[in-house]
Amino acid sequence: MQAKFKIWFNGEMREYDDCQVHVMSHALHYGSSVFEGIRSYNTPQGPAIFRLDDHLKRLYHSAAVYRIPIRYSFDEMREACMETVRESGLDSAYIRPLVMRGNCGLGLPPKELDVVDIAVMVQSWGAYLGEEGIKNGIRACITSWQRLAPNTIPTGAKAGGNYLSSQLISFEARDRGFEEGIALGHDGLLSEGSGENLFVLKNGLVLTPPVSASILGGITRDTIISLLSDLGRETTEQTLSREQLYAADEAFFTGTAVEVTPIRQVDHLVIGNGGCGPLTRQVQKAFFGLFNSETQDTRNWLCYLQE
């Protein structure tokens, strides 16, 4: 049971149990919500939120795609995230801003566009796929569920309804005894995991599916591409077949929740050395080094709570 930290709800800090929405809320019936997942890390200079502004920019973009108005300014939402973490007292936290259509009547087109509930909540959250997975890799499978095709639902918007697809991918993987699932796109080529982007190393080349492969262009994905460049390794965004993943020297997931998690096996085929490969380990060191000062934050990605 998670600790009941206070929640920023519709403009003010409230007790955990006081944050409620109506059962008639549009988001419950039709999935009309957008959200972000953001991490705060404990650094030598104090708690810092990682790439807060970039996450909030995507939140506003997602809301605009679905015509959901956010009545608070960017700076107000930014302060709400920081205030919620401060109030929790957590050194490291997972932050969930959520924008959802409220009780505006039944019917797909909302009768009142501006009935919207907005919340920022936090909780303590460790390694999403387990500490062992971070260290030695996880087992994944290609699932029968494909990612959304173009002109169905915009995968570049982080909307609640999109994650019904992700749940099916994850359920199938777990039912088959794997820790995570990987989905193909409508064209039968690699897309992404249920909530993670995918990287493949083959013959010294770092490859990742492009944003046109029905993926969410992840902020951690962008971070890793930048860190790889700092390490002298350029990333090529290109379409990839499942057999290219099977034959990979290394593979890993990236995402706010999974951070950088090696993939040691896909569909019962061992990837590379069957653990965390040397490049993946190097990428992990550079990524986590942002939070222990071993990697210099040259891009001002860290937003310190005590500014």
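Buried means under 20% relative accessible area, exposed means over 50%, and partly exposed lies in between, with a 1.4 Å probe and protein chains only. Keep that in mind for what follows.

Some ground rules. This is a predicted model, where local features need pLDDT of at least 70, side-chain atom pairs count only at pLDDT 80 or more, and totals for chains, interfaces and linings use all residues. Residues are numbered from 1 along each chain as its sequence is written, and side-chain values use heavy atoms, with hydrogens and water left out.

Start with Arg 51. Is Arg 51 buried or exposed? Buried, because its relative accessible area is 8%. Arg 51 sits in the loop between strand S5 (46-50) and helix H2 (52-65). Helices here are DSSP runs of H or I with at least four residues, strands are runs of E with at least two, and numbering goes from the N terminus.

What does the side chain of Arg 51 touch? A polar contact joins it to the side chain of Asp 222, at 2.9 Å. That term means a pair of N or O atoms within 3.5 Å; within protein, one must be able to donate a hydrogen and the other to accept it, and residues adjacent in sequence count only if both atoms are side-chain atoms. Now set aside neighbours within four places in sequence. Arg 51 is then in contact (heavy atoms within 4.5 Å) with Ile 219, Asp 222, Thr 223 and Trp 301.

Next, backbone angles. Two residues other than glycine have positive phi. Arg 67 has a phi of about 60 degrees. Arg 67 lies in the loop between H2 and helix H3 (74-88). Arg 67 counts as exposed because its relative accessibility is 67%.

Ser 214 also has a positive phi, near 60 degrees. Its loop runs between strand S12 (205-208) and helix H6 (219-230). Buried or exposed? Ser 214 is buried, because its relative accessible area is 6%.

Now the hairpin. Strand S9 (residues 180-184) pairs with strand S10 (residues 190-193) in the antiparallel sense, over three bridges. Pairing requires that DSSP finds at least two bridges between the strands. Which residue stands opposite Ile 182? Gly 193, in S10. Five residues lie between the strands of this hairpin, and Gly 188 takes a positive phi near 80 degrees.

Last stop, Leu 28. Leu 28 is in helix H1 (residues 26-30). Leu 28 counts as exposed because its relative accessibility is 57%.
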